[in-house]
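Look through the sequence and the 3D view before reading on.

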Amino acid sequence: MSAALFPLFADLRGRAVRVVGGGAVAERKVEALLHAGALPRVGAPALSARLARWADEGRISWDAGFFVPQWLDGVWLVIAATDDNAVNRAVAAEADSRRLLANVVDDAALSSFQVPAIVERGQLQIAISSGGHAPMVARHLRRRLEALLDDSWGALVGLLGRQRARIRARFPEMGQRRRFFEQLLAGAVPRLLRQRQDQAAEAELQRALSLGPQAAAAGTVTLVGAGPGDPGLLTLNALRAMNQADVILHDRLVSAEVLAMARRDATRIEVGKSAQGHSTRQQDIHALMLEHARAGKRVVRLKGGDPFVFGRGGEELEMLKAHGIAFEVVPGITAALACAAYSGIPLTHRDHAQGLRLVTAHCKDSMDTLDWQALAQERQTLAVYMGVASLETFRDQLIAHGRAAHTPFALVENGARREQRVITGTLADLAEIAHHFEVRSPALLIVGEVAALAHALHWYGAAPLAAPTRPSNVTAPNLSRAA
Ligand code: SAH
């Protein structure tokens, strides 16, 4: 087995580094060196446009011509970035004889040091190396880490760096200091930094320093929008929250694929509400959130779509606020946006619709509170949530208030999921067509001229189903089956 590389982070500020080569690769290396405050000395017959500009600006020096051993006089490190193997070899040999560390780009065998793949968040740097054996693996891992770490990590390192002396003075003993950091990292400071409340984070750190070691940190609740079902529609913040959760309280609407992305050892509790019954009462959901947050857990309340669109997210936050539990909100892709995108229906379109209304057919009191006059206006798109059981009312009221009977609609069932179905027709036949195709919840109703575009613009799953030709003396069938 070959020996491992010795990892090190070099302080190159104000130190000369020789870069041999003047092309695109050399340019990338010089850029990284400048970022580290080094003094690059480029040697090459010609320079790329950017390198030439840096030379003009005096940020780098340039020796025009072909490699000569004198180029290695007085430098700390050497990077060979030419596409000429013989030159790279000569540079490496000369560096070796002078006991200078040299990197030959993309040639581990010729290199006496290697440049790792880097994830950078402020002063925090994570370096990844495969020892030159599989740079692609290192790069792949780097992309994974990029997604995992938001930029508040940089702020955290900055903050702790500024307070380092005070922290050491306060907790001179190593074990004590470690416990302090563990509590701090599990507590409010990282959360406040994520919320861009830098001053509050600083104040919280001061407070923790003055109090010393504490009882267990308080729990938090993160309200997370899980989107419509396709895990690709989760945000990075949603993924991070799900990766850190101790407890996940999820709706029934959240797909199995999305749940599979969550931390494996998190406790998962379904608190689903379904049209078929078996629902958890809202006050029980509140009680569960409180119980786990008070036990110091990181609770993720995972909801289909977006938590603030017909998701009772507002009520849940009001309750948490009233009980003094810290919370965060991660928006999600709401059903209207996902169903429209995945059925090729642009919700607004300069030729057809200048506005969009999101409405629910499921009201606290009754549908009489809906402003039908406004909903029936032309040149707008309606996206109706939880409407499957009320299609007749929607059709009747919209037409009675002036929306044309031939206005196109689309029903998107299981939008953005493998089982997606899109059913189209005109408003007059809405209830019959839904009945004919046995549309089931979850389905989103889109009413407006744009709905007709699904036939031309669909791209996901099966093509839209069109209405059967309308029998002449149709009577509205009983829709009570379709919940
Ligand atoms: N907070 C959710 C909405 C919850 S209300 C959001 O932002 O999307 C539940 C209703 O949303 C369902 O009755 C249905 O109308 C709609 N819905 C949710 N997911 C859906 C999906 N994948 N396909 C179609 N409609 C969906």
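## An exposed loop residue

R196 is found in the loop between α8 (188–194) and α9 (198–211). The model is predicted. In this model, R196 has a positive phi of about 60°, although R196 is not a glycine. Is R196 buried or exposed? R196 is exposed, because its relative accessible area of 59% is over the 50% cut-off.

The domain assignment includes domain 3, which spans 152–211. UniProt, in an unreviewed entry, lists residues 152–209 as "domain: Sirohaem synthase dimerisation". That span is 86% helix and 0% strand. Its end C-alpha atoms lie 21 Å apart.

## The domain layout

Which domains does the assignment give for the protein chain? The list runs as follows: domain 1 (16–115), domain 2 (118–148), domain 3 (152–211), domain 4 (220–333) and domain 5 (336–481). The C-alpha centres of domain 3 and domain 5 lie 52 Å apart.

D84 sits in the loop between β4 (77–80) and α3 (85–97). D84 is partly exposed, with a relative accessible area of 36%. Now pair D84 with R139. The two are 55 residues apart in sequence. In space, their C-alpha atoms are 25 Å apart.

## Around the ligand

How many residues surround the ligand? There are 20, and the closest are D306, V309, T334, G415 and A443. By type, the shell divides into 12 nonpolar, 6 polar and 2 charged residues. Domain 4 (220–333) and domain 5 (336–481) each give at least three residues to this shell.

Backbone atoms of the protein come up to the ligand at several points. For G304, a backbone N or O atom lies 3.0 Å from a nitrogen atom of the ligand. For V309, a polar backbone atom is 2.7 Å from a ligand nitrogen atom. For A443, a backbone N or O atom lies 2.7 Å from an oxygen atom of the ligand. On its own, the ligand has 540 Å² of accessible area, and the protein covers 93% of that. Which elements give two or more residues to the shell? They are α14 (335–343) and β17 (443–447).

Follow the chain to the loop between α17 (430–436) and β17, where P442 lies. The peptide bond from S441 to P442 is cis, with omega near 0°. The strand β17 (443–447) is one of the elements that give two or more residues to the ligand shell.

N414 is found in another loop, between β15 (408–413) and β16 (421–426). N414 has a positive phi of about 50°, yet N414 is not a glycine. Is N414 buried or exposed? N414 counts as buried, because its relative accessibility is 18%, and buried means under 20%.

## Positions from the UniProt record

Which residues does UniProt list for "active site"? The unreviewed entry names D251 and K273. D251 is found in the loop between β9 (247–250) and α11 (256–259). At 14% relative accessibility, D251 counts as buried.

## Recap

R196 is exposed, whereas N414 is buried. Around the ligand, the shell draws at least three residues from each of domain 4 and domain 5.

Note on methods. Residues numbered from 1 in each chain as written. Predicted model: local features only at pLDDT ≥ 70, side-chain atom pairs only at ≥ 80, totals over all residues. Heavy atoms only, no water. Near = heavy atom within 4 Å. Polar contact = N/O pair within 3.5 Å; in protein donor to acceptor, adjacent residues only side chain to side chain. Areas by Shrake-Rupley, 256 points an atom, 1.4 Å probe, with all protein chains shown as cover. Helix = DSSP H or I, 4+ residues; strand = E, 2+ residues; numbered from the N terminus. Nonpolar A, V, L, I, M, F, W, Y, C, P; charged D, E, K, R; others polar. Domains from an automatic or database assignment. UniProt positions renumbered as here; feature names shortened; annotations may be inferred. Buried < 20%, exposed > 50% of the residue type's maximum accessible area, 1.4 Å probe, protein only.
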